[in-house]
Each structure stands twice: as C-alpha cells, then as structure tokens.
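Work through the exercises below with the sequence and the 3D structure open beside you. Try each task before you read its solution.

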Amino acid sequence: MERKKKEKVLVTGGAGFIGSHIVDLLIQQGYELIIIDDLSSGKKENINPQARFYQININDSALQEVFNMVKPDYVCHQAAQISVSYSVAHPRSDAQVNIVGLLSLLEIAFKNKVKGFVFASSGGTVYGEQQTFPITENSPLHPASPYGISKMTSEFYLNFFYQTHRLNYISLRYGNVFGPRQDPSGEAGVVAIFIGKMLKGETPTINGDGEYIRDYVYVKDVARACLLSIKNMVELAELKKIKRLNQAFQAVNIGTGRGVSVNQLYSYLQDILGFPQEAHYGPPRVGDLRKNILDSHLAEQVLGWKAQYGLAEGLRETAQWLKQIEQLN
Ligand SMILES: NC(=O)c1ccc[n+]([C@@H]2O[C@H](COP(=O)([O-])OP(=O)(O)OC[C@H]3O[C@@H](n4cnc5c(N)ncnc54)[C@H](O)[C@@H]3O)[C@@H](O)[C@H]2O)c1
C-alpha cells in the first residue's frame, strides 16, 4: 500500500517556549518537522529529537540553503525578539529581528512556493489601550511599543506578500501565553516568574497595584491554533477571496475572552501551591497596558479553535513542570 508523504513544516524559534510545543504537537500529528533557531533564548533541551534542527539566525544567508535542502510545505514563524522593554530601549535591534528577519523569511518562502505561512503576532500589544472589551480583530491598532509596532508592521508585510505574491498566511494574535518551558527567570511571563519564586519560598513582587488585566492563554491551546491554521490554510485563502474574513488582515485573536488581574492570578497560585505569604508591591512598569482581553470568536469561526484549557488547569500543569525542573537542579 502506498504511504502518504508527510507534509513538512519549518518552525522558526522551535527551541523556544511556544515554538517547542508547536513542534511537539505537529510531530504527534504526523508532520515532518524542521527547526530553525539561533538559541538566543531557546534551549537545546526543548528540541524534539524527531525534528531536524539548524542552529542559524533567521537573518543568516544559510536560511536559503536550509529551504533549498528541506523544501518545507509550511512555515510557522515563532522566532522573535520577545521583550517589550528591550524593544523600548533598542528599537533598531528589535526591528532587525522582528521586521527584517520576517522579510528574509517571506522572500524565501514565496520563492520556494510554500503552501502557507503562520505568524506569531501579539494580541497583547498590537491593539494598545482600548475602550471596548473584549477586543475584536476590527478594533483599531494602537501599538505603544516598538515590539507591538514590529508585530503590526509584520502583518502589513504579510498582507503585501499575500496580495502581490499569493503567499497564503494567517496571523495569530496571541494573548498572554503561559505554560511549561516558559522561562521563570525572564522579565516577561508573570505566571512562570511567580511560580518560580513561590517554589523557592521567595515572595514575588507585583508591579503597580496588581489591577492590570490580562487574557491568559495556555501554551497547548496556542500550539493547537497553529496546527489548525496549517490544516485550514488553503481553505482560509479561499475564505479571504470571498471576503468572509471582513478585515484587512488575515489575523485572528488567540485568547480566552476572560480577563484576570495580577492580584487574582497571585491568589490562584497561592491556593494551588499552598503559598501563605502576601505579595510585595513595587512601582508600576512604564508602558504596561491597563487591560487586555481578546475576543476569539473569529478564530472559532475560521479555524474551529477555542481555548480548551481552563486557567486553573493550565496553572497546575505549569506548577507541576516547574517543580520537576526544581528537583532536577
Ligand atoms: N509568550 C507570549 O506571551 C507571547 C505573546 C504574544 C506573541 N508571542 C510571540 O510568540 C513567539 C514565540 O515566543 P516565546 O514566548 O516562545 O519566546 P521564546 O524566546 O521562548 O522563543 C523565541 C525563539 O526564537 C529564537 N530566536 C530569537 N531570535 C532569533 C533569530 N534571529 N534567529 C533564529 N532564532 C531566533 C529564540 O532562541 C527562541 O528559541 C514570538 O514571536 C513572540 O513574539 C509570545
């Protein structure tokens, strides 16, 4: 009996937090995986041994050789400079990875006739401050940081490559992603930071009054959004043609529609970990948005995606993973 050839997906940033979960899920689903990562923040231990791994920068000329060699069917672009505060201090360096790096990939992807391009955008930053919640994809884009500007600009470029070169794409505007493999020593990722500290018996510090509202989405749900994007890519392009996606961009929010304050998050974690101490409060972080909650009905309509993990379940799995890591160290 003839065996169906596996489709190949190239994941940039596949050694990182979100990218590595995408790689794991796609391998489980029968795809052949290729990872490109420069390991600037990604880790070797996150790399699925069944994937082919190339340690290169997305701006490196070796990118072309990798494409020539592996001929991917799809690209799932997760590699990025991910720190908002770094982008504020170093906007040029942020743009070098997040805008120029994207362009390097897009030029090669359309020349290699990939079937589709999935982009990791940011629903937490492209909208900036809004008045109406939850935020839909048609809400105005007001990014307040170079990082958010780079994600918004990327969507304009994706649209350009779609219009001009017929490169199919979807942009997934993630909420605040959390879960296993998020770096507890990073400056972003409040869930990992709080759990990491609580497990060490240290009292976490809440920046500002703790009434900053976010839409926390579990990383395995995000990985499933990427899988569904790949599965529906060709159909999505058709949808766009008949204008059922009633917006300029082929972008969908990936969130839960539920807003949770940092104070609430802290108290959930106290319950889960049996951590008695109350939080310390520090000065607010400059530029932190007050509120971000994403409406993901469009993702449900066009991808059949809806968050399946509840916050408590995701927090428990993340705490479990961090406990194991602590024991290993
Ligand atoms: N974590 C979140 O809450 C969140 C929210 C919205 C959007 N995103 C986006 O999701 C994607 C993944 O983020 P993450 O949280 O997993 O971060 P991460 O830092 O864990 O992953 C990024 C990966 O990209 C790699 N990388 C960075 N620059 C590179 C370059 N120039 N060439 C090759 N590889 C490079 C890093 O080594 C790392 O493995 C990013 O595009 C990020 O902007 C994340």
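**Exercise 1. Determine the strand order and the pairing sense of the open sheet.**

Step 1: the open sheet is built from 7 strands in the order β3-β2-β1-β4-β5-β6-β11, and the pairing is parallel. Step 2: β3 (52-54) and β11 (251-254) stand at the edges with a single partner strand each, so one side of each is left without a neighbour in the sheet. Step 3: on average, and with direction ignored, neighbouring strands of this sheet are turned by 20° against each other.

Some conventions are needed here. This is a predicted model, in which local features need pLDDT of at least 70 and side-chain atom pairs count only at pLDDT 80 or more, while totals for chains, interfaces and linings use all residues. Residues are numbered from 1 along each chain as its sequence is written. Helices (H or I, at least four residues) and strands (E, at least two) are DSSP runs, numbered from the N terminus. Two strands pair if DSSP finds at least two bridges between them. Axes are lines fitted to C-alpha atoms, for helices over the stretch in contact, and angles run from 0 to 180 degrees between N-to-C directions.

**Exercise 2. Find how many bridges join strand β2 to β3, and which residue stands opposite isoleucine 36.**

Step 1: strand β2 (residues 32-36) and β3 run parallel and are joined by 3 bridges. Step 2: the residue opposite isoleucine 36 is tyrosine 54 in β3.

**Exercise 3. Describe the partners of β5 and decide whether its residues are buried or exposed.**

Step 1: on one side, β5 pairs with strand β4 (residues 74-77) in the parallel sense over 4 bridges, and histidine 77 stands opposite phenylalanine 119 in β5. Step 2: strand β6 (residues 169-174) also runs parallel to β5, joined to it by 6 bridges, with serine 121 opposite arginine 173 in β6.

Step 2: apply the burial rule, by which a residue is buried if 20 or more other C-beta atoms, placed from the backbone, lie within 10 Å of its own, exposed if 12 or fewer, and partly exposed in between. By this rule 7 of the 7 residues of β5 are buried, so β5 is largely enclosed by the rest of the structure. Step 4: in a regular strand the side chains alternate between the two faces of the sheet. In β5, Gly116, Val118, Ala120 and Ser122 are buried on one side, and Phe117, Phe119 and Ser121 are buried on the other, which leaves both faces covered.

**Exercise 4. Work out how α5 is placed against the sheet.**

Step 1: β5, helix α5 (residues 146-165) and β6 make a right-handed β-α-β unit; right-handed says that, with the strands pointing away from the viewer, the path from the first strand over the helix to the second runs clockwise. Step 2: α5 packs on the sheet and touches β5, β6 and β11, and its direction makes about 160° with that of β5. Contact here requires C-beta atoms, placed from the backbone, within 7 Å of each other.

Note on methods:
Two residues are in contact if their C-beta atoms, placed from the backbone, lie within 7 Å.
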